[in-house]
Amino acid sequence: MMRLWTRSLAARFICFTLFSLILSQAVVFFISWDEHGQAMRKSAKGEMLSRCASLARVLEATPPELQSDILAASNTYTTRYWISPAAPAEAPAWRMQAWAQLAQPLPRVSLPGHPAPLLEPRIEPPRDAADIGSANWIEMPAAAWALSRPAKFLYLDNTMGMGLAVRLENGSWLNSAFAKPTPDSFWNAQTMTSMGISALVLSVIAVFAARGITQPLRRLAQASEALGRGQQIAPLPETGPDDIRRTAEAFNQMQERLVRFVDDRTRMLAAIGHDLRTPLTSLRLRAEFVADDELREKILSTVTEIQSMCEATLAFVREEGTAEETRTVDLSALVESLCEDLAELGHTVTFAEAPKISYRCRPASLRRACRNLVENAVRYGECARVRIERSADNIDIVVEDDGPGIPDESREQVFAPFFRLEHSRNRETGGLGLGLAIARTIVRHHGGDVFLINQPKGLKAVMSLPAMDGDSTAQKRKARYPAVRIPRPFAPAGISRA
């Protein structure tokens, strides 16, 4: 339930809706229940007084020998009538007599030769003394009801029970007792069924309302994930309520500004690298006129190194500026074919068999990132052992070698462009320091990251990719592959193990 609560907006809508329904029903119940009871008691009292007045008139207009039949015919399931020769006794004694009359079975109407069984009443007197009604008779004047004579009134309990005694013209007293069975609890089957249907209808409405909100949010999350991986995405539809529409507009504007910013920086970097060619060529020509052979060779070596950096920068910018389409490939086959190509070139590269893994990526870029890691392992670790490890959240391409490893304080610095651990400045023993930087950039564009882990013998490079689109697993990857965070140098600092 907690997982559903934290992950599902529809579940929260349903819970809040049902809570509001129960709360509103409870408030209405507590407000109206007492008013409803008072209205029902007032209506029952008026009906009882009216029927008792009518019965008194009928009894006074009929012979005495017919009165018992009239009383028997007037008795109902909730009302009993009887005549007493004297005035009613004290309230407690008369109340007991009234409950005894109400507890007597009521005869049913039967056909000749087919006697009907008695109708057993379900009315019970109150068991708690606190539920007993008025303690004494209430004198009711003639103006309070339909007969032109006073009467005695009494509440039998605190709900619907009441009694009345009125004197007839012949001196006898007509007694009337009225009571209804204790009403069922508010939470009965009918109420629960009604609330269940209401809850079901409101839950369906809440699901549709939540879907109307979650679909744009889900679309926004998928677009943000794709944008973070460098994919080209269409602008989000700017429709719906104002809040959702403004969110979509803000995202589209952010995407446009980011793309424009990256394009401007890429063009600027390409322009700088291109414009450096002319002064470097001029410097090379002028170096040819230097008479000192040793000084001339040093100048030419420096010019060549700068030119190589410019060419590598231009190549990197050209690849970054090329929009590769994202498509689904067999990741195992892609890595295996790369390892086979390098092995055919004479490198010591082995690949552990792995099942087919369908993965949506930019295959050319991902192949280049993996190639940089494998070539790094071959160059500095003499061999490369490649395998693919798959878990519920990540797909890891692991490259192991037998080299000297990397100092812990330099595990982050080696990802900086043009940084090398080796300071011989010999291009024969190392590259320009862009390999690891390019690999991490490409993998991060796919939503993953690259980690370097020292082993007892050699270094393990892990290219960790998210298992599914939209699944944010950065924190889990950091927990599995902790890295020492070293501030990156602002400018190139030597040459790197890349």
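A charge sits over a ring if NZ of Lys or CZ of Arg is within 6 Å of the ring centre and within 35 degrees of the ring normal. This is a predicted model, where local features need pLDDT of at least 70, side-chain atom pairs count only at pLDDT 80 or more, and totals for chains, interfaces and linings use all residues. Residues are numbered from 1 along each chain as its sequence is written, and side-chain values use heavy atoms, leaving out hydrogens and water.

Start by selecting Lys45 and Phe153: the charged end of Lys45 sits over the Phe153 ring, 4.4 Å from its centre. Phe153 is buried, with a relative accessible area of 2% (buried means under 20% relative accessible area, with a 1.4 Å probe and protein chains only).

Phe153 and Tyr155 make an edge-to-face aromatic pair, 4.9 Å centre to centre with 90° between the planes. For such pairs, ring centres of Phe, Tyr and Trp (its six-membered ring) lie within 6.5 Å; planes under 30 degrees apart count as stacked, over 60 as edge-to-face and the rest as tilted.

Next, pick Trp82, Trp94 and Trp137, which ring pairs link into a cluster. Trp82 and Trp94 have ring centres 5.6 Å apart and planes at 25°, so this pair is stacked. Both Trp82 and Trp94 are buried.

Last stop: select Arg440 and Phe415. Here Arg440 lies over the face of Phe415, 3.7 Å from the ring centre.

Technical notes: Buried means under 20% relative accessible area, exposed over 50%, partly exposed in between (1.4 Å probe, protein chains only).
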